[in-house]
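Visitor: Could you walk me through this structure before my class? I am new to this, so please take it slowly.

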Amino acid sequence: MKHTEFTPKLFHVLKEGVPRQQLVRDISAGLIVGIVALPLAIAFAIASGVSPDRGILTAILAGLLISIFGGSRVQIGGPTGAFVVIVYGIIRQHGYEGLLIATLMAGIILVLMGLLRLGSLIKYIPQTLITGFTSGIAVLIFSSQIKDLLGLNLEEVPAEFIPRWGTYLGGLSTLNPWALVIGLFSIAAVVLVPRLLPKVPGAFVAILVSTVLVSLFELPVETIAGRFGPLSPVFPPPVFPAFDPQIWSGLLLAAFSIALLGALESLLSAVVADGVIGGRHRSNIELIAQGLANIVSPLFGGIPATGAIARTMTSIKLGARTPIAGIVHALTLLVIFLVAMPLVSAIPMACLAGILVVVAWNMSEYRYFILSCRINIHETAVLLTTFFLTVFTDLTIAIPAGFVLALVLFMKRMSEAVDINPLVASKSGESLFSTDGEEIPEEVQVFEINGPLFFGSAGQFLNVHAYVQSHHSLVLFRMRYVPIMDSSGLRRFTEIVHALKKQGIRVLVSGANSRITEKLIKHGVLGRDAIFADFSAAVKKAKTLIE
């Protein structure tokens, strides 16, 4: 293990030293990103079914821990849209204590994933699977904001997708035009302000202007205080949940869903950031930092957190290159929490709905969604299955189902890619085939194996006996294009070798890599004298054996 593998990037940066000019840029970027993160933290908390102060607390605690102990130079941590749907579902079913337990377990899982060095394995998760999740979450986030965007006067909105839209249609007569105006203005501000003034956060402008308008003109639009009451700038004491095996085990699937989403989004954010700054993150310590954040955050009233791609990219564009920017971002939010909560209480709900509508649109990845549906039927099946399960059930079902389907289809495609074909096909004089400068005698049957020999392709060996005839006294397996052989492949290959030997047929292998060679020798399938690195050498050996 390299000694730097589990060393946080902050420690490495401080050891190297940060130039004064870069320190100024990091502090400046952290201040602005802290302001950018405020409306998002509030909006994600409300959309998740908790009070807005919990979102701010999450951004403070998780943001601080991820920046101090993480493996990326520029990662900004906090609540994100990816968790909205699953958090909302857990709270409805198990209450906030259930969310606390699930998040705490997710944090422990993330720490274990990092310690077991599973960070590098995340890259093997299919992009279509991720797109299916995120697109489905985007649709649900958009769906959850219609009530506040239109200012509908509805007592209860169903959690299920279709009944929810039925309730919306039935309540259109209660539409509040002032709320709609504030919501549309917020959408316009979030989209247009960055284009006109690149360094000005559109969400902050939307909140500032809409809050002033609603307060100044006393517009009949619901605010945060109107729904949740005045927000208190008090940092809550830690609360530890009681351990009940039945409750904890019942939330294990939800915890795994939170952990997987957190790992995916944080490492994806780190990879994207690396591509921009030319850095290289440390995936395993990043997962450990994410785990610590999700262990500490819920104890103080927070919700799940992970690396936030949009906020990370904003920080980079503002000149950030070290974790100091993330630390300043968290401290900025802490100051706002302690001194400006009365102002936060006056933010209109329609404004936050407008901000989340833009977030949902950006999450949808509609271009890649359409592109993936055009690639092949397997990609489309994985994408649409995860998308519809996310929308119409929940992520605790969509995530394992999507993984199982992706795995099954991958195994099917890999097994179809394996070829075990006889090279000798027809008679031509005294020899049947000539390749690589070596004539293959009629008594020798050669099989070319292309592809991995694993449990999904082991059945392909059933075709071998069909090509071995009475005049064959030796079979040569050419394995130069076999990258791996698992236990199922080894077992089936062993059965074939033993069956051939019982018929008095010798077996040779050529071109097997060192791992497969050692496996065949170790398990007594073939001796070292029957395995050759070079095909020509194997053919020469075959000739001497049949003479």
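This is a predicted model: local features need pLDDT of at least 70, side-chain atom pairs count only at pLDDT 80 or more; totals for chains, interfaces and linings use all residues.

Visitor: Okay, where does helix α17 run, and how far does it reach?

Guide: Helix α17 covers residues 349-364, which makes 16 residues, and from its first C-alpha to its last it reaches 22 Å, close to the 22 Å expected at 1.5 Å a residue. Helices here are DSSP runs of H or I with at least four residues, numbered from the N terminus, and the expected span is 1.5 Å times one less than the number of residues.

Visitor: Is α17 mostly covered or mostly open?

Guide: It is mostly covered, since 14 of the 16 residues in α17 are buried, where buried means under 20% relative accessible area, exposed means over 50%, and partly exposed is in between, using a 1.4 Å probe and protein chains only.

Visitor: How do α2 and α17 cross?

Guide: The axes of helix α2 (residues 20-48) and α17 come within 10 Å and cross at roughly 95°; axes are lines fitted to C-alpha atoms, for helices over the stretch in contact, with angles from 0 to 180 degrees between N-to-C directions. The two helices, α2 and α17, are therefore roughly perpendicular, a label for angles of 65 to 115 degrees.

Visitor: Which residues meet there?

Guide: On the α2 side they include P39, L40 and I42, and on the α17 side they include L352, I355 and L356, with contact meaning heavy atoms within 4.5 Å. Leaving out residues up to four places away in sequence, I355 touches P39, L40, V190, A203 and I207.

Visitor: What about the largest nonpolar core, how many residues has it?

Guide: The largest nonpolar core has 97 residues, and those with the most contacts inside it are I42, I90, I224, L352, I355 and L395. Helix α4 (residues 84-115) gives the largest share of this core, 16 residues. A second, separate core has 38 residues, among them L453, V475, V525 and F535. Such a core is a set of buried Ala, Val, Leu, Ile, Met, Phe, Trp, Tyr and Cys residues joined through side-chain atoms within 4.5 Å.

Visitor: Switching topic, how many disulfides are there?

Guide: The count comes to zero disulfides, when a disulfide is taken as a pair of cysteine sulfur atoms within 2.5 Å.

Visitor: What touches T380, then?

Guide: T380 touches S372 and C373, not counting residues up to four places away in sequence. T380 lies in helix α19 (residues 377-392) and counts as buried because its relative accessibility is 17%.

Key
Residues are numbered from 1 along each chain as its sequence is written. Side-chain values use heavy atoms; hydrogens and water are left out. Angles under 35 degrees count as roughly parallel, over 145 as roughly antiparallel, 65 to 115 as roughly perpendicular and the rest as oblique.
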